[in-house]
Amino acid sequence: MRPSDILDHRPGDWTTSMKIRLATPQDAQGISRVASALGYLPHDDDALILQRLEHLLASRHDRIWVAEQADEVIGWLHAQHVFRVASADFIEILGLSVAQEAQRQGAGRALARQAIAWATDEALTLRVRTHEARDIARKFYAACGFTLAKTQCVFQMTT
C-alpha cells in the first residue's frame, strides 16, 4: 500500500486551499502560536523560538513542514533522521501540531504525508511516539497506517 492510499483526503476538507511547504524562519511565530495553543511550549519568547527553528532548519537531519492557509500557519510537523550506534536508522516524527480550528480538515494527514514520503525516499522506517493519554493522536496515527511497535517508560533527569 502506498502512503497516498492511506492518507486520502476527505471531501470538503481544506486541502484545496491549503499549502504544505518546508518551514522558513519567518514561520517561527506561526509555529509557536499553533504549538502553544495545544500546550507544547510558551508563546512568550519569540527570540528563543526563532533560534530553535533556525538551528533545526540548518540541520541536514531535520525537516520541518508547515501547513498554510490564507498565508497563516495552521499546522506544522517536525521529523528527524535518527542515527543510532546499535540499530538501524529511521525517520521519527518529533512533533505534529494543527490549530484547533483546522483539525479534522486534512492538514495533519497532509503533513504526515511529507514525513512518509521522506522515509519512503530514504527507504527507512517511520516512527512516531505519543503519550498514551493522547487518545486522539493514537487514533490519528493508526488511521494513517502506523502500527503500535512497543510501549516504553521514559526516564528523565533534570540537571
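From the N terminus on, the elements of the protein chain follow the order α-β-α-α-β-β-β-α-β-α. This gives five helices and five strands, in a model that is predicted. Of the 159 residues of the chain, 35% count as buried. Among contacts between residues at least 6 apart in sequence, 61% join residues at least 24 apart.

**Nonpolar cores**

- The largest nonpolar core has 24 residues, of which W65, L77, A79, I93, L111, A115 and L126 touch the most other members.
- Strand 2, strand 3, strand 4, helix 4 and helix 5 each supply at least two residues of this core.
- Helix 4 gives the most to this core, with eight residues.
- A second, separate core holds twelve residues, including A23, A28, A35 and A99.
- With neighbours within four places in sequence set aside, A115 is in contact with W65, L77, A79, I93 and L126. Each of these partners is also named among the residues that touch the most other members of the largest nonpolar core.

**Helix 4**

- Helix 4 spans residues 107–122 and has 16 residues.
- From its first C-alpha to its last, helix 4 reaches 23 Å, close to the 22 Å expected at 1.5 Å a residue.
- The buried residues of helix 4 include A107, G108, R109, A110, L111 and A112. Further along helix 4, A115, I116, W118 and A119 are buried as well.
- An α-helix has 3.6 residues a turn, so residues three or four places apart point the same way.
- Just after helix 4, A123 takes a positive phi of about 55°.

**The largest pocket**

- The largest pocket has a volume of about 1,800 Å³.
- Its lining is made up of 47 residues, and those closest to the centre of the pocket are R129, T130, A137, R138 and Y141.
- Strand 4 (90–98), helix 4 (107–122), strand 5 (125–128) and helix 5 (135–143) each supply at least two residues of the lining.
- Helix 5 provides the largest share of the lining, nine residues.
- By class, the lining of the largest pocket comprises 22 nonpolar, 13 polar and twelve charged residues.

**Loop residues with positive phi**

- Most residues other than glycine have a negative phi, and most peptide bonds are trans.
- A70 has a positive phi of about 50° although it is not a glycine. The residue lies in the loop between strand 2 (62–69) and strand 3 (72–82).
- A70 counts as exposed because its relative accessibility is 73%, above the 50% cut-off.
- A123 likewise is not a glycine and has a positive phi, of about 55°. A123 is found in the loop between helix 4 and strand 5.
- A123 is exposed because its relative accessible area is 72%, which is over 50%.

- G39 is placed in the loop between helix 2 (28–37) and helix 3 (46–58).
- G39 counts as exposed because its relative accessibility is 64%, again over 50%.
- G39 and S97 are 58 residues apart in sequence, while their C-alpha atoms are 10.0 Å apart in space.

Note on methods: Residues numbered from 1 in each chain as written. Predicted model: local features only at pLDDT ≥ 70, side-chain atom pairs only at ≥ 80, totals over all residues. Heavy atoms only, no water. 1 Å grid on protein atoms, 1.4 Å probe; cavity = no way out; pocket = protein on both sides within 12 Å on 5 of 7 lines; lining within 4 Å. Points joined across faces, edges and corners; volume = space filled by probe spheres on them. Helix = DSSP H or I, 4+ residues; strand = E, 2+ residues; numbered from the N terminus. Nonpolar A, V, L, I, M, F, W, Y, C, P; charged D, E, K, R; others polar. Buried < 20%, exposed > 50% of the residue type's maximum accessible area, 1.4 Å probe, protein only. Core = buried A, V, L, I, M, F, W, Y, C linked by side-chain atoms within 4.5 Å. Contact = heavy atoms within 4.5 Å. Expected span 1.5 Å × (residues − 1).
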